[in-house]
Amino acid sequence: MATGFNLAGLSEYVNEHSQPIIRRSILEGKTISLIDIMPNVKHKSTINRIEGDLVILPGNCGFAPSGSTALDQREMEVCPLKINEQYCAEDLTTKYVNTMLKAGHEDAIPFEAQLVDEKVQLIQDAIETLVWQGDTSSASASINKCDGFFKTLSGDTGVSTIVGYTGITQANAIALVDEMIDNIDVDVINANNLTIFMGFAEVRAYARAFRTLNRYNAQPINEDEGDQFRLVVDGTNVTIQGVKGLNGTGKAMLSPADNLVFGTDLLDESSKYVIKYDEFENQVKAAAYWKMGVQAKWARYVVVYNG
């Protein structure tokens, strides 16, 4: 074979590992690893909720029912997505040979795995962006295939919206974060996973503002977590989490992390990653198929700043 490596083996490798590959692509992005996952959603499904109140009565004889329990639902809708790519076999040969000739790589990862790892990272990044910035009404092809959290929850009367700021900067970051925390619903104010999601630059702006106050007696950055863009708001149970999907937006969202839900058909065979070699065209063709959507279980537990 002119390519210098077994392209048929490339297809065999990917087909053998198709489900683990697509699982890594979808589930191991930063945001998805922190929020709830709703699997096996084909098109539309429901998040079933139960809520009620408790009425305590005097302990006398008789039975006097009081209080109520409400059953309702929120709809989760997923979008079918795919990637289709094609590589010239000769171009892959160059990459393969260069990889194998690097010093110290006698036991290098197989070329198939390297190619797949690159695609997995790119799919993770694309999903991360769609989860937050997705907007089917946008003119941008990179985000208009599916609605993300901000678009899905826009106009929902239960969501609390923070206004009166121009961006998230060193000058206003502390005040903005404090106001978001002040507006969280009292029912979840003691939740152990209250999280403010924002872009990396905004996390840095908050950390810089904190340092500028000379508050050396407090430590907003968790030990060994500075590289994860993860901060704890001093004196609270709220974590600030930087996510790549919000970079460049100037937006922020506060919610219990498990109140945010990512829907997917991951457990279904329609989610897959495949590579085939066409020896007539001397082309390697790759495709990935998956479905995704987002929703909040309770809109009233969400506070947003729209930038």
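Cys 61 sits out in the open: this cysteine is exposed, with a relative accessible area of 80% (exposed is over 50%, buried under 20%, partly exposed in between, using a 1.4 Å probe and protein chains only). Keep in mind that this is a predicted model, where local features need pLDDT of at least 70, side-chain atom pairs count only at pLDDT 80 or more, and totals for chains, interfaces and linings use all residues. Residues are numbered from 1 along each chain as its sequence is written, and side-chain values use heavy atoms, leaving out hydrogens and water.

**The disulfide**

- There's one disulfide in the structure (a pair of cysteine sulfur atoms within 2.5 Å).
- Cys 79 and Cys 146 are the partners, with 2.2 Å from S to S.
- The link ties distant parts of the chain together, 67 residues apart: Cys 79 is in strand E4, and Cys 146 is in the loop between helix H5 and helix H6 (helices are DSSP runs of H or I with at least four residues, strands are E runs of at least two, both numbered from the N terminus).
- Both Cys 79 and Cys 146 are buried.

**The sheet**

- Six strands form an open sheet with mixed pairing, in the order E5-E13-E9-E6-E8-E7 (strands pair if DSSP finds at least two bridges between them).
- E5 (160-162) and E7 (230-232) are the edge strands, each with a single partner, so one side of each has no neighbour in the sheet.
- E7 pairs with E8 (residues 239-242) in the antiparallel sense over three bridges.
- Leu 231 stands opposite Ile 240 in E8.
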